[in-house]
Amino acid sequence: MGTFYLDDQAIPFDDGDNVIEAAWAAGVAIPHFCYHPALGSVGACRLCMVELQPAGEGDRPRTLAACMLKAQDGMRLSLEAQRAVAARQSVIELVLANHPHDCPVCDAAGECHLQNMTVAVGPAYRRYEGTKRTFVNQFLGPLIWHDMDRCITCYRCVRYYQDYTLGTDLGALGSRNRVYFGRATDGPLESPFAGNLVEVCPTGVFTDKVFRRHYSRVWDLQTAPSICPHCSVGCNTLPGARAGTLRRVTHRPNQRVNEWFICDRGRFGHRYTESPQRPLRARIDGHEDELVDVLDAVSERLADAQGVVAGLGSVREDMEGNAALRSLMAAMGGWYSAHASPDLEAAIAEAAAASDAAPTLAEIADAGAALVVGDLTGQAPMMDLAVRQVVRAGHPLIVLHSVPAALAAHAVQALSLAPSELAMALTTLRRRIEKPKSRANATLKAVSETLAQAQRPVVLGVAETLGAAGCRALAQLAQAAKARLAFALPGANAFGTALLSRPGDAERVLRSVESGEADSLIVLGSDPFGSDPGAARWRATRSRLKLLVVLDCVATETARQADAFIPLAALAERAGTFVNYGGLAQGFTQVYARQETLPDPYTAVSELGHMVGLARIRRNAEILAYKYLDRPPQPGRTGIQVEPGAYTHLRASAEADFKQVASPSGRWQAALMTWYGDGPLAAFAPELSTLAPSRAACIAPGQGGKADPPEGVTVRLRGPLGELSLPLRYEPACAKDAVGLDRAAMAALGVSEGEGVEWEPQP
Amino acid sequence: MEPVLSRNFHLPQPPGLAEYRAGGGYENLKAALDRRPADMIEMVDKTHLRGYGGAGFPLARKWKARGPDAPHPRYLVMNVDETEPGSFKDRQLLYRDPHQVIEAVLVTGFIEQADHAYVFVRGEYAEGARRLEQAVAEAREAGLVGHNVLGSGFDLDIDVHLSAGRYICGEETALLNALEGRRGNPRAKPPMPFEKGLWGAPTLVHNIETLCHVPYIVSRGPEWFNAQGINGGHGTKLYSVCGEVQHPGFWELPMGTTARELLYDHAGGPLEGQELVAFLPGGASTSFLLPEQLDTPMQFDAVAAAGSRFGTCGIIALGSTTCPVEFLIGINKFFARESCGFCTPCRDGLPYLQSLLERIEAGQGKPGDPDLLLELCAKIAPNSFCPFAPGAIMPLESGLKVFRDAIQDHIDRGACPYGGAR
């Protein structure tokens with residue numbers, strides 16, 4: 001603690017602060033390039049020069065970099081001193097010596113830190129008349145555009161990419177004034193977080209290649225605070241739209257969630273809104289019609305229906321839409337659930353019930369040890385990035401996985417276990433921590449010791465991978481280890497839909513349809529007949545349904561099969577509320593409007609209720625949606641925490657559907673493989689989806705009696721629902737007896753995590 | 001004067017272990033192993049022995065700064081990354097008497113109670129590094145290197161590391177980065193390497209010539225050492241002279257020998273038909289001295305008093321028929337090229353200077369160019385991250401003053417008066 005003086009302004013500081021940080025906290029922005037709050041100080045650019053006034057007689061004033069200067073009590077500094085101004089102007093002059101001054105055609109213009117600093121610091125005119133150095137740019141994949149001539153060599157990109165995200169395929173190459181920031185050879189950047197280079201770069205070296213193809217000057221973009229819809233972390237974003245189309249998404253700081261960054265799914269996944277397959281017209285019985293006419297026809301058919309109506313909401317739809325559907329079902333005497341799979345509903349409820357003190361991303365990053373179960377990179381990429389900070393700080397990471405998980409590469413202990421063994425391993429670990437002498441194999445002993453010795457440990461799990469039993473085992477382990485606990489839930493609003501669910505809802509909805517009690521089904525943003533977990537049971541009911549009404553903003557298999565289809569506004573085209581993995585309710589607002597008439601789900605469902613004579617749906621939905629909050633969370637604010645007291649019913653909800661993982665009948669167990677660009681919406685993003693790993697059935701090598709079949713050979717897999725041919729791929733990170741499959745393959749076979757598959761030729 | 005460091009340089013081949021021992025080699029090591037490190041630090045403290053890699057920091061003060069209680073592991077690094085233009089004295093030690101180098105590492109390692117020693121050798125000195133490695137193997141075989149040195153209970157192994165080759169890797173923190181396999185960029189100080197150096201452990205980095213004196217000092221005493229200097233200098237020094245002189249070369253002479261004696265008596269004076277215009281006393285990264293300063297004793301304080309830097313004391317002489325602008329271009333080109341590229345003033349400033357110097361030499365100079373050059377020098381040197389840019393600016397800034405008329409002549413004529421760059 002202390003105070004220093006910057007041009008006579010008193011600036012308080014905490015011990016260890018450097019001058020630039022303390023000044024920033026006091027509201028004084030010292031010009032800088034290489035300093036970044038998330039990346040720290042290195043003293044490379046020399047723009048933040050300040051003059052240190054002599055402390056004693058005979059001392060001379062010195063110019064020093066504020067980012068490298070530790071604040072000291074009573075220190076007198078000046079930004080305005082002639083020498084400091086000259087030093088900063090000299091840095092601007094020098095970095096601009098080689099800069100192409102192509103602002104008129106540069107994508108970064110208008111939000112370029114170099115432009116800002118040049119205007120703020122000067123000089124106004126350039127003097128350098130020599131030749132400029134130029135570079136050959138690289139192809140960095142479908143998402144990032146590279147223009148090295150603009151580089152001012154601040155090293156932010158490599159510090160972010162290598163130090164912060166632990167990436168290895170982008171580096172500083174060469175030396176002197178020819179330092180080159182790129183890859184060893186052309187090719188897509190491998191990091192799931194590469195897109196942040198666009199925002200980290202203080203000028204236009206790394207720009208958004210997707211935005212570039214539908215470019216708008218940034219000052220012409222319409223923006224408004226939004227929430228990322230692609231996973232349960234709920235990162236805060238700032239979508240930018242123009243002329244009725246969404247052009248790009250950037251991060252928006254919220255210290256309770258993501259402060260500086262977003263993942264590439266969040267940045268580039270928005271392109272589902274401009275997918276050529278996106279359904280933009282209402283449809284009934286195979287022909288397109290006006291929205292109001294389709295709604296009218298649907299309401300008539302619902303009124304005429306003999307059986308009851310069932311409603312299936314979605315973990316990726318907002319509170320308002322799900323609440324409206326549940327209200328409609330309540331009024332019409334039908335069942336509602338947001339979850340196609342009873343197993344998954346139980347897992348979400350179990351996970352949410354245990355997440356009453358879930359750590360924020362910053363708290364995860366600050367942990368003294370992390371234990372991760374499942375592929376966090378594929379299910380909650382920004383949680384993965386927080387875990388990388390634990391690794392970066394030199395703390396231990398433990399990863400338990402059945403199929404390849406990117407974080408395993410950074411783990412001190414990575415255990416590959418078949419899905420059926422996961423919950424047991426977690427229970428063994430818990431027992432070891434409770435009773436250090438209890439029985440366990442050497443690996444689990446080592447893991448339990450790491451966990452028991454750690455300061456501020458965190459335990460993170462993927463709910464879909466763990467199932468309800470696994471989630472409970474993980475929660476008990478966390479309790480025993482005195483660790484903070486968080487789950488990656490399967491959808492942006494999975495926590496919210498769990499709040500809206502009652503025990504056994506998913507099973508009831510399914511049974512009502514299976515039994516024929518319900519012959520009409522309204523699906524809001526789900527894909528029960530396509531690739532949603534639980535699709536196996538659902539698909540068998542399709543022929544019994546007299547009416548399938550689908551409301552969605554993407555072209556799912558279920559949407560394709562719909563008798564009536566209502567196109568919905570996509571995320572940034574409307575307002576709503578999501579509740580993230582930790583129970584933080586966050587509002588998002590409409591950023592732009594499309595040319596077409598696209599209702600939000602709340603309006604569409606309420607309108608339907610109105611048409612069937614249930615005018616109260618709208619009001620009921622509102623009450624229900626905000627029941628667990630005092631008020632709707634304001635877009636652009638930091639969110640409202642749902643009080644844990646409000647969701648004690650979740651445990652009961654989990655109990656209703658809770659079932660132990662059944663041992664598979666055969667040897668091979670299906671295990672879900674995900675990747676960072678995955679997801680029901682992002683899968684429709686054309687550029688991002690080109691990076692998807694090729695489809696395959698993945699197993700660990702060396703599991704056969706004799707020789708392994710050659711990689712790439714086509715294998716035929718059989719599940720309860722059907723057969724599927726896929727090329728065979730060897731992944732050493734797969735557990736023994738586990739077959740790694742993507743979501744679509746699991747759905748086609750009709751299996752979920754840990755369920756048995758047969759295949760031939762067998763190794 | 002009896003040669004000390006160069007006592008084996010007359011041999012046609014560098015001495016092998018047997019020959020080195022026959023000449024009294026490793027006796028100093030034996031003497032050192034019988035003494036207490038703290039006593040030897042005091043002995044060296046009485047000698048005024050300073051770092052000969054360029055910075056001139058007193059060796060004993062470096063030892064005392066780290067202190068006897070520094071945590072283990074501790075590393076000792078011998079810096080043989082001699083890349084300073086005009087300096088080629090370290091090379092002689094490396095190539096012509098490798099066992100003397102090893103003995104120096106062992107004695108110093110014992111004084112520092114180091115756990116491991118690295119010898120970091122300039123990339124172009126590959127042959128020297130190979131010879132040193134052979135000698136280390138020979139010495140290890142004889143029980144001099146590695147476990148239980150000469151039965152003393154002291155362990156010290158030595159690794160010879162050949163640099164991938166950058167001037168900046170001679171700067172101690174960049175050297176440590178390079179040793180760790182990172183980019184050869186300097187590190188921020190503090191922490192100083194003696195606090196957190198190689199892999200975060202206490203590390204002392206010393207020039208080869210500095211350390212080669214240590215075994216002699218601890219066995220013959222500080223009085224003996226100090227008595228060898230003249231004109232305020234202490235001990236002997238490997239001096240070298242190059243540039244436009246009759247007989248470029250190196251000589252071990254009493255510290256404090258005057259520039260005149262070096263340039264005229266030993267190097268034979270300027271080339272036929274030329275006059276001495278100026279000389280850089282301590283390698284390229286020092287300020288020019290003029291003929292009227294020839295009587296300056298070549299030792300740290302005297303050269304500093306004359307307005308320059310003793311540096312490595314590799315003297316470069318400039319003759320009257322060479323265009324000084326071209327000379328400055330050559331020096332600046334070297335530094336612009338060797339900049340690591342980390343900080344802006346150095347990385348982008350030196351090439352800016354280069355563009356101005358080149359246009360003056362090409363007859364395209366503008367009237368404001370000399371002032372612009374001086375202005376840039378004044379902004380580059382004090383604002384850069386490490387001492388590289390201040391070193392690069394020194395010859396240029398002083399050259400711009402010393403050769404102001406010649407530079408103005410280039411601009412006025414629109415051509416190089418020396419006939420260059422036609």
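# Briefing on a predicted two-chain model

In chain B, 71% of the contacts with a separation of 6 or more are accounted for by residues 24 or more positions apart. The structure described here is a predicted model.

**Chain B as a whole**

- Chain B contains 17 helices and 8 strands.
- The radius of gyration of chain B is 22 Å, close to the 22 Å that the globule rule gives for 422 residues, so chain B is as compact as a globular protein of that length.
- Along the principal axes, the C-alpha atoms of chain B fill a box of roughly 75 × 45 × 35 Å.
- Of the 422 residues of chain B, 58% count as buried.

**The parallel sheet of chain B**

- Four strands of chain B form an open sheet in the order β3-β2-β1-β4, and their pairing is parallel.
- Strands β3 (157-162) and β4 of chain B are the edge strands, since each of them pairs on one side only.
- From one strand to the next, the twist averages 20°.
- Within this sheet, strand β2 (residues 116-121) of chain B pairs with β3(B) in the parallel sense over 6 bridges.
- Val119(B) has Val160(B), in β3(B), as its bridge partner.
- Helix α6 (residues 98-112) of chain B packs on the sheet and touches β1, β2, β3 and β4 of chain B. The direction of helix α6 of chain B makes about 145° with that of β1(B).
- Helix α7 (residues 126-141) of chain B lies across β2 and β3 of chain B and runs at about 165° to β3(B).

**Domains of chain B**

- The domain assignment divides chain B into domain 1 (17-227), domain 2 (236-319) and domain 3 (324-413).
- The C-alpha centres of domain 2 and domain 3 of chain B lie 23 Å apart.
- The contact between these two domains takes 10 residues from domain 2 of chain B and 11 residues from domain 3 of chain B.
- On the side of domain 2 of chain B that touches domain 3 of chain B, 6 residues are nonpolar, 3 are polar and 1 is charged.

**Domains of chain A**

- For chain A, the domain assignment gives domain 1 (2-97), domain 2 (103-116 + 125-274), domain 3 (282-344 + 495-655), domain 4 (349-492) and domain 5 (669-760).
- Taken over C-alpha atoms, the centres of domain 3 and domain 5 of chain A are separated by 30 Å.
- Domain 3 of chain A places 11 residues in contact with 10 residues of domain 5 of chain A.
- Helix α19 (residues 535-541) of chain A gives the most to the side of domain 3 of chain A that touches domain 5 of chain A, with 3 residues.
- That side of domain 3 of chain A is made up of 4 nonpolar, 3 polar and 4 charged residues.

**Where chain A touches chain B**

- The two chains meet through 23 residues of chain A, which are in contact with 23 residues of chain B.
- Helix α2 (residues 82-97) of chain A gives the most to the side of chain A that touches chain B, with 7 residues.
- By class, this side of chain A has 13 nonpolar, 8 polar and 2 charged residues.

- Most residues other than glycine have a negative phi, and most peptide bonds are trans.
- Pro73(B) is found in the loop between α4 (59-66) and β1 (75-80) of chain B.
- The loop between α8 (172-179) and β4 (203-207) of chain B holds Pro191(B).
- Arg456(A) is located in the loop between α15 (442-453) and β21 (457-462) of chain A. Arg456(A) is partly exposed, with 17 other C-beta atoms within 10 Å.
- His48(B) belongs to the loop between α3 (37-45) and α4 of chain B. Because 21 other C-beta atoms lie within 10 Å, His48(B) is buried.

Conventions. Residues are numbered from 1 along each chain as its sequence is written. Chains are lettered from A and ligands numbered from 1 in the order in which they are written. This is a predicted model: local features need pLDDT of at least 70, side-chain atom pairs count only at pLDDT 80 or more; totals for chains, interfaces and linings use all residues. Two residues are in contact if their C-beta atoms, placed from the backbone, lie within 7 Å. Helices (H or I, at least four residues) and strands (E, at least two) are DSSP runs, numbered from the N terminus. Ala, Val, Leu, Ile, Met, Phe, Trp, Tyr, Cys and Pro count as nonpolar, Asp, Glu, Lys and Arg as charged, and the others, Gly among them, as polar. A residue is buried if 20 or more other C-beta atoms lie within 10 Å of its own, exposed if 12 or fewer, and partly exposed in between; C-beta atoms are placed from the backbone. Domain bounds come from an automatic or database domain assignment. The radius of gyration is taken over C-alpha atoms; the globule rule is 2.2 Å times the number of residues to the power 0.38. Two strands pair if DSSP finds at least two bridges between them. Axes are lines fitted to C-alpha atoms, for helices over the stretch in contact, and angles run from 0 to 180 degrees between N-to-C directions.
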